[in-house]
Amino acid sequence: MNIIYKIISNFINNKSLYIGEKITMSEHMIQSAMIAEKAKSPNSLVCACLLHDYGHFILEDPDKLVKNKLNGKHEDIGYEYLKKFFKEDVVIPIKYHVLAKRYLARNKKYYNLLTNASKISLKLQGGILNKKQSKDFEKQNFFKNVIKLRKFDEAAKKTNIKIKSITGYKKLLISQLL
Ligand SMILES: [Fe+2]
């Protein structure tokens, strides 16, 4: 149960901006969960959205990482930590949400819609996947939810919407614990 309090307090206390955007990391993650709910997603996917960038809370200074052109691998850091507490269908999409961007960026239309910050981080993350890498990725467990999470993630950068409170997700978080 401690982990739930820890997550809630991280969301409340972390005021860092989402890299290259005008909203905070917490607002961005909550917004992605709200979009997942609107799309009538299962609780596991809503929870995955809510925690998808949690690795950034663990990393010290994500802004600095991009400026220094280093890849903090926030998806792995988040995954390694959260898998001790949450179900597989929550943490696997978190682990692969960056790979999903590299997969989806094969589509020109998707690539063009990425923000500048997202295009820069795509390069740092290894660039667009090739055919073989894409085929392998499609065999991944929870592949469909990984892609959905990525799409909700991209859409969750709006500055003019009312963001729910993290405390409203307490029950949902508890329901997804191991
Ligand atoms: Fe994100």
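Let me start with a definition: helices here are DSSP runs of H or I with at least four residues, strands are runs of E with at least two, and both are numbered from the N terminus. This is a predicted model, so to speak plainly about cut-offs: local features need pLDDT of at least 70, side-chain atom pairs count only at pLDDT 80 or more, and totals for chains, interfaces and linings use all residues. Residues are numbered from 1 along each chain as its sequence is written, and side-chain values use heavy atoms, with hydrogens and water left out.

Okay, salt bridges. By that I mean a side-chain nitrogen of Lys or Arg within 4 Å of a carboxyl oxygen of Asp or Glu. The structure has 9 of them.

Take aspartate 136 and lysine 132, whose closest N and O atoms are 2.7 Å apart. Why might that pair be well placed along the chain? They sit 4 residues apart in helix α11, residues 131-138, so about one helical turn separates them. For accessibility, I call a residue buried under 20% relative accessible area, exposed over 50% and partly exposed in between, using a 1.4 Å probe and protein chains only. On that scale aspartate 136 is partly exposed at 37%, while lysine 132 is exposed at 57%.

Now over to helix α12, residues 143-155. Which residues does arginine 150 form salt bridges with? One is aspartate 153, with the closest N and O atoms 3.6 Å apart. Another is glutamate 154, and there the closest N and O atoms are 2.9 Å apart. Along α12, aspartate 153 is 3 residues from arginine 150, about one helical turn. Glutamate 154 is 4 residues from arginine 150, again about one helical turn.

Is arginine 150 buried or exposed? Buried, with a relative accessible area of 4%. Aspartate 153 is buried too. And there's a network here: salt bridges link Arg150, Asp153, Glu154 and Lys157.

You'll find serine 118 in helix α10, residues 116-124, and it is buried at 5% relative accessible area. For contacts, I'm using heavy atoms within 4.5 Å. Not counting residues up to four places away in sequence, serine 118 touches Lys101, Arg150, Glu154 and Lys157.

Next, how does α12 sit against other helices? A word on the geometry: axes are lines fitted to C-alpha atoms, for helices over the stretch in contact, and angles run from 0 to 180 degrees between N-to-C directions. Angles under 35 degrees count as roughly parallel, over 145 as roughly antiparallel, 65 to 115 as roughly perpendicular, and the rest as oblique.

With α8, the axes come within 9 Å and cross at roughly 85°, so α8 and α12 are roughly perpendicular. On the α8 side the contact is made by His97, Val98, Ala100, Lys101, Tyr103 and Leu104, and on the α12 side the residues include Arg150, Asp153 and Glu154.

The other packing partner I want to show is α3. The axes of α3 and α12 are 10 Å apart, at an angle of about 50°, and that makes the pair oblique. The contact comes from Leu45, Ala48 and Cys49 of α3 together with Asn145, Lys148, Leu149 and Phe152 of α12. As for handedness, the convention calls a crossing left-handed if the near helix is turned anticlockwise from the far one by less than a right angle, and right-handed if clockwise. By that convention, α3 passes α12 in a right-handed crossing.

Leaving aside neighbours within four places in sequence, asparagine 145 is in contact with Leu45 and Pro93.

On to the nonpolar core, meaning a set of buried Ala, Val, Leu, Ile, Met, Phe, Trp, Tyr and Cys residues joined through side-chain atoms within 4.5 Å. The largest nonpolar core has 50 residues, and the ones touching the most other members are Ile7, Phe11, Leu51, Leu82, Phe86, Phe137 and Tyr169. Which helix gives the most to this core? That's α3, residues 43-51, with 7 residues. Isoleucine 7, setting aside its neighbours within four places in sequence, contacts Leu51, Tyr54, Leu82, Phe86 and Leu173.

Lysine 6 is also in helix α1, and at 39% relative accessibility it is partly exposed. Leaving out neighbours within four places in sequence, lysine 6 contacts Tyr54 and Tyr81. From lysine 6 to tyrosine 169 is 163 residues in sequence and 13 Å in space, C-alpha to C-alpha.

Last stop, helix α6, residues 74-82, where the buried residues are His74, Glu75, Gly78, Tyr79, Tyr81 and Leu82. What covers them? The cover includes α1, α3, α4, α7 and α8.
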